[in-house]
Amino acid sequence: MSKLIVVSYDDEFKAEQVRLDFLKMQKSYLVELEDAVVAVKKKDGKVKLRQMNNLTAYGALGGGFWGLLIGAIFLNPLLGFAIGGAAGAVSGALSDIGIDDEFMKQLAEKFKPGTSALFVLLHSDLTDKALEELKGTGGTIIQTSLSSEDEEKLRKALSGVIDNK
């Protein structure tokens, strides 16, 4: 079962740094990420979501490939590539995987301008090694689907205090 963690930070860049920490932990097999999105509330009050995966680009690439293949069959590969790429880009832009974008925007609207939040969706539990990697990164837990015990461990890790019990 996936676990959602939302942590807010007092500046626009800290959430991105912590997301990079999560990506490094994934490469080291300490966590299994499903999605990790940074929401930034700019000084002007606008909310920007920085997705982990650019679905528009993936859709355009996939659509371009299939359009090229079908276009080759009908003797016009360039037209097929263009139409397939455009259709794939539209499809990718309209699809959403992982954490719901509307939920993230609504939550980020409540933040002060000039702050950021990290939305992480995990397939795995936060191990002691993962908590050690997060030690002292700061932030305030806004929402989580972790158990009370695991949430308290995460809260202590973010503040720089880890009990190895």
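Visitor: What makes up the count of helices and strands in the protein chain?
Guide: The protein chain of this predicted model has six helices and five strands. Helices are DSSP runs of H or I, at least four residues, and strands are runs of E, at least two, numbered from the N terminus. Along the sequence the pattern reads β-α-β-β-α-α-α-β-α-β-α.

Visitor: How do you know which residues line the largest cavity?
Guide: A cavity is a set of points on a 1 Å grid over the protein atoms alone, where a 1.4 Å probe fits but cannot get out; lining residues have an atom within 4 Å of a point. Ile-5, Val-7, Tyr-9, Val-18, Phe-22, Leu-118, Val-120, Leu-134, Leu-154 and Leu-158 meet that test. β1 gives the largest share, three residues.

Visitor: Why is the lining called nonpolar, polar or charged?
Guide: Ala, Val, Leu, Ile, Met, Phe, Trp, Tyr, Cys and Pro count as nonpolar, Asp, Glu, Lys and Arg as charged, and the others, Gly among them, as polar. The lining therefore divides into ten nonpolar, no polar and no charged.

Visitor: What share of the protein chain is called buried?
Guide: Buried means under 20% relative accessible area, with a 1.4 Å probe and protein chains only. Of the 165 residues, 37% are buried.

Visitor: How are residues numbered, and what limits apply?
Guide: Numbering starts from 1 along each chain as its sequence is written. Local features need pLDDT of at least 70, side-chain atom pairs count only at pLDDT 80 or more, totals for chains, interfaces and linings use all residues, and side-chain values use heavy atoms, leaving out hydrogens and water.

Terms used:
1 Å grid on protein atoms, 1.4 Å probe; cavity = no way out; pocket = protein on both sides within 12 Å on 5 of 7 lines; lining within 4 Å. Buried < 20%, exposed > 50% of the residue type's maximum accessible area, 1.4 Å probe, protein only.
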